[in-house]
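Welcome! Here is a short briefing to read alongside the sequence and the 3D view. Take a look at both, then follow the notes below.

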Protein chains: 4
Amino acid sequence: MYQTLKAKLFALKENKIFELSVVAVIIISALEIGAKTFQLSDQAYSITSVLDAFITLFFLFELTIRFIADPDKKSFLKKGWNIFDTLVVFVSLIPIDNSEMALLARLVRVFRVLRMVSVVPELRVLINSLLKALPQLGYVILLMFIIFYIYAAIGSFIFHDINPTLWGDIAISMLTLFRIMTFEDWTDIQYETMEVYPFSWIFYLSFIFFTAFAFLNMVIGIVVNVMEEEHQAARAKKEPTLTELQQELKEIKALLSQSNQHK
Amino acid sequence: MYQTLKAKLFALKENKIFELSVVAVIIISALEIGAKTFQLSDQAYSITSVLDAFITLFFLFELTIRFIADPDKKSFLKKGWNIFDTLVVFVSLIPIDNSEMALLARLVRVFRVLRMVSVVPELRVLINSLLKALPQLGYVILLMFIIFYIYAAIGSFIFHDINPTLWGDIAISMLTLFRIMTFEDWTDIQYETMEVYPFSWIFYLSFIFFTAFAFLNMVIGIVVNVMEEEHQAARAKKEPTLTELQQELKEIKALLSQSNQHK
Amino acid sequence: MYQTLKAKLFALKENKIFELSVVAVIIISALEIGAKTFQLSDQAYSITSVLDAFITLFFLFELTIRFIADPDKKSFLKKGWNIFDTLVVFVSLIPIDNSEMALLARLVRVFRVLRMVSVVPELRVLINSLLKALPQLGYVILLMFIIFYIYAAIGSFIFHDINPTLWGDIAISMLTLFRIMTFEDWTDIQYETMEVYPFSWIFYLSFIFFTAFAFLNMVIGIVVNVMEEEHQAARAKKEPTLTELQQELKEIKALLSQSNQHK
Amino acid sequence: MYQTLKAKLFALKENKIFELSVVAVIIISALEIGAKTFQLSDQAYSITSVLDAFITLFFLFELTIRFIADPDKKSFLKKGWNIFDTLVVFVSLIPIDNSEMALLARLVRVFRVLRMVSVVPELRVLINSLLKALPQLGYVILLMFIIFYIYAAIGSFIFHDINPTLWGDIAISMLTLFRIMTFEDWTDIQYETMEVYPFSWIFYLSFIFFTAFAFLNMVIGIVVNVMEEEHQAARAKKEPTLTELQQELKEIKALLSQSNQHK
């Protein structure tokens, strides 16, 4: 009997209408979250509460079906997306009454919208490819962090007394440097320190050049990676290489000279 | 007799001078629209009115010719550019007298300039290729929208009371986030919330990283797409693949070993 | 005798030391121009005047040598760079005394620095390749101009009364739109019009999207062009195509089957 | 006996744990530098002093080992990274007591963080590839400098009296132009000069176009360079070229026709 149920639930899980209704509930959930950011009448507010309970139950129901229908229950929680879904569903189940935790409860519900990514396969592929690109860029990010760290240390040593709000300690300095990297009112910061140290423009210009150049390299790194992968994907289709063709030609020549000698 | 007219009109439509005069009238129409944005003397204003009538009539005349000369009248309105042209021409025909609608009438006339795109084939090709690239990027845009939505929800939950003008509800928050994405005075917004929540810089930095990374992927997506298309266009020229060459080599070997056995 | 002089001058023109001294005089000329922007003592000022006369004479001397040494004098002024050099030299020769023209004389001397480009071959190649890329991008630039024109017309029709300094007429509006494209304080402009027309954010966001997208396409256009050229340069080295290889294989097969039939 | 020591030190140098402990000391050194930017209690301050002495000694110890273990002592100081390491270590050894030099001493210690690059091979590769790309871009950088210089000269000639803080002399003007290139409050500068010279927007727009276009070319230059290198790396793997394959085919044909003639 359990087997029959499992088969039925598996069929349900694979059902197109079921999938679309899951997407629909996620969209409703997103709209509900959006609606709560507006000033609501008491009536509208009670509607969202009912809606919230319905969504929580529906997600619990869907997760249960997915779990029962899964042929390999042991590794169910080993997949990242399943863990994410389970967490979002179970944290929503915790009843929160006192007002202090209300904000936290709301924030948790926001992540329901991210379930869109775990449900739509195309988005999941996109996120996975983004995550796959990250480690390859690890060393460029480390290099940029070192550049930031050194400039932040120099900045807070030299400019500390000029403006402690911007150069107070190394943490604040790194935030200021990030601001300079985005070109956001960076000349105001520069003019301020240039009044004390007229040559401090070297600090800013060299920093902008280094980060821009490192960033550029990062971008090129990604592009080359992506193309390399495309290339390898093409090779995986088992197109013969030029080396293989050359090998074939050599065999033909050997056959021919053999044939010539026979005569 | 209708056939003769149709042939004549078709010849006219294909005529180089006719094409150029259409382009000329569109440019005149553009200049007239530009002139109207300046303070005009009464005399100059009456000239633009006459000009406007002439342009409207010319466009109606040109559209009629194009319609009559079209060999397949049923699908005339199925082409996007034809619909666009017809709409622009017919909306200009509606007489508008009262001053309230005057602004709307002016705006409709502005779109006459867009007719340049429907008339110059190179621009049409450009626009078509832009439109073709859009659906392929659909999922990246959807992903970016989800990122915006989640951050806007979190932003308006947490920062609502700090500055309702920026974080009042989810719609305003999304506009604020777009502003942050363009780096426009984003640190002012950040410093304001950091006074209440000192760790809110995490919110801004993570948002900037996510959107920059997603945008980067979008760009790379387009580049790879464009190159893929170039590649396929090259293949369509019927260059043999390496696999086909390998097949030929195998046939030669078979012929050779056959030849060797004969002896 | 003229022939001997010509040969000697040609040898001088090709001389490495002569070339380097031309570059040196251009650098001195650049430094002199830079020095004039500072407050100079009377003594220093008189030095620059002497220097200026020397540079003018040296350039005249160099141009004369280049002209005499040129084997094809008729087409001397057909080359863009020669025209540029001649213009710079002769305009510097015009004596200017009254103070009103002094500024113009200074400006003309600034362009002497550009002679660096006409003298260093690597820079000339760079500039030529930049100029070569421009016409291919012509239609994208035309499209962007149309987008700017339409948005500027709409902007000055609707927002004219809100802020005439920004939206007064179509010319000012185009400048304002360029400012918006560079993201320079664009939200101030937006918030101002949103007080009157709450939905005017659609105007700004759609404009930013269109121009960013068109710009992106322009960049990709250049990249693809550059790669295409690299590709063609590789082809020009006469590597055989796959089609040619296939042809050779077919000939071999024909030979073989002929050989088999003979037996 | 020296040989045994050398062998032992070489083994130590290659030891994984030793390498990791060097990285660990660099990280501790970085944290110590960061800590010093905060307000420290007297106790904490004395700890950093002890730590500083330990780090200096450790680095001296590590450098000694690397030098003794190096098989080719003569060229030890010819490698850039070794010079850098030696400099950082020996400058740290100079005792600095008076307060005026304290800042300089701190700054020198900041560069210890850069030792991370000299120790981690992946980062060294990254930096080397960045340095390798620079000379190829030399002429583009020279061209950009010429553009900056000319615009700065024109700017300080014409706009000098409008705002000497921005256009005082050619050096200040170049800084102002760099600011304009980053789009940082550039319209404020523009509106100021447009009040005196209404057509000065041509100056700014043309400058933005030239620098943006030159920058774009620089980026494309890097991309094409990187791809060219990838391409050559692939070729170095000794894949036969199409020309070589064609050669083989020709030899086969010669053999065949020879074989046919024999009969």
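D52(A) and R112(A) form a salt bridge, with their closest N and O atoms 3.1 Å apart; the term stands for a side-chain nitrogen of Lys or Arg within 4 Å of a carboxyl oxygen of Asp or Glu. D52(A) sits in helix α3 (residues 42–69) of chain A and R112(A) in the loop between α5 (99–110) and α6 (115–119) of chain A, so the pair ties together parts that are 60 residues apart in sequence. Over all chains, the structure holds 32 salt bridges.

A word on reading these notes: this is a predicted model, in which local features need pLDDT of at least 70, side-chain atom pairs count only at pLDDT 80 or more, and totals for chains, interfaces and linings use all residues. Residues are numbered from 1 along each chain as its sequence is written, chains are lettered from A and ligands numbered from 1 in the order in which they are written, and side-chain values use heavy atoms, leaving out hydrogens and water.

**Helix packing inside chain A**

- α3(A) packs against helix α4 (residues 80–93) of chain A at an angle of about 145°, their axes being 10 Å apart; axes are lines fitted to C-alpha atoms, for helices over the stretch in contact, and angles run from 0 to 180 degrees between N-to-C directions.
- Helices here are DSSP runs (H or I, at least four residues), numbered from the N terminus.
- The contact (heavy atoms within 4.5 Å) involves T56(A), F59(A), L60(A), L63(A) and R66(A) of α3(A), together with N82(A), D85(A), T86(A), V89(A), F90(A), S92(A) and L93(A) of α4(A).
- The residues of this contact divide into 6 nonpolar, 4 polar and 2 charged; Ala, Val, Leu, Ile, Met, Phe, Trp, Tyr, Cys and Pro count as nonpolar, Asp, Glu, Lys and Arg as charged, and the others, Gly among them, as polar.

**Where chain A meets chain D**

- Helix α8 (residues 138–158) of chain A and helix α2 (residues 16–36) of chain D have axes that come within 9 Å and cross at roughly 30°.
- α8(A) and α2(D) are therefore roughly parallel to each other (angles under 35 degrees count as roughly parallel, over 145 as roughly antiparallel).
- On the α8(A) side, Y149(A), A153(A) and F157(A) meet A30(D), L31(D), I33(D), G34(D) and K36(D) in α2(D).
- Helix α11 (residues 186–194) of chain A and helix α10 (residues 170–181) of chain D cross at roughly 155°, with axes that come within 11 Å.
- α11(A) and α10(D) are therefore roughly antiparallel to each other.
- W186(A), T187(A), Q190(A), Y191(A) and M194(A) in α11(A) meet L175(D), F178(D) and R179(D) in α10(D).

**How the copies are arranged**

Terms used:
Helices (H or I, at least four residues) and strands (E, at least two) are DSSP runs, numbered from the N terminus. Angles under 35 degrees count as roughly parallel, over 145 as roughly antiparallel, 65 to 115 as roughly perpendicular and the rest as oblique.
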